[in-house]
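Welcome! Please take a look at the structure below, and then we will walk through it topic by topic.

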Amino acid sequence: MSDGTSLSIKRSITVRAVVTPAWKEEAERELSNGIATTDQQLAQLEQEGQQVVDEIRRQSANPLDPRVQDQVAQVQQQVAAKRAELEEQKRNLLQQQAQVRELEMEQIVEQGQIESFCELKVGDNLVSKMQVAVVVRDGVVESIEQD
């Protein structure tokens, strides 16, 4: 605040994208990569979980000892919880992929948020200063909208 009559404020700006063949292709590629990564994480989780269980059993004198069984059960429970989390993540990605496939060309979709600063002075409408959106087509700004 330099002279007390204006100040700079941070605001979120909604980024909206026009659905084009290139946008749709990129969105599907990103989602497919996310699904593949999740599948890899699931496979790695299963492998590492089994290795930990095998190691616990190998290091114990009596694999049937209740304490060993408890340790194994704890590892299996942790693996199951992480598996459920990854499977939920994959379901969400598959759902998003299906939604992207249903989008029509030229449809406008919200793609995210960015932040910017703006000057605010006495008499300005704060609500309109805060409600700004940018529409992009294949990465190029097409319009800046004051909602």
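Strand β1 (residues 6-18) and β3 pair in the parallel sense over 5 bridges; two strands pair if DSSP finds at least two bridges between them. This is a predicted model, in which local features need pLDDT of at least 70, side-chain atom pairs count only at pLDDT 80 or more, and totals for chains, interfaces and linings use all residues. Residues are numbered from 1 along each chain as its sequence is written, and side-chain values use heavy atoms, leaving out hydrogens and water.

**Strands**
- Helices (H or I, at least four residues) and strands (E, at least two) are DSSP runs, numbered from the N terminus.
- Thr14 stands opposite Ala133 in β3.
- On β3 (residues 132-137), 5 of the 6 residues are buried, meaning under 20% relative accessible area with a 1.4 Å probe, protein chains only.
- With strand β4 (residues 140-146), β3 pairs in the antiparallel sense over 6 bridges, and Val132 stands opposite Gln146 in β4.
- β3 and β4 form a hairpin with 2 residues between them, and Asp138 in the turn has a positive phi of about 50 degrees.

**Helices**
- α1 and α2 pack at an angle of about 170 degrees, with their axes 9 Å apart; axes are lines fitted to C-alpha atoms over the stretch in contact, and angles run from 0 to 180 degrees between N-to-C directions.
- α1 and α2 are therefore roughly antiparallel to each other, a label for angles over 145 degrees.

How values were computed:
Angles under 35 degrees count as roughly parallel, over 145 as roughly antiparallel, 65 to 115 as roughly perpendicular and the rest as oblique. Buried means under 20% relative accessible area, exposed over 50%, partly exposed in between (1.4 Å probe, protein chains only).
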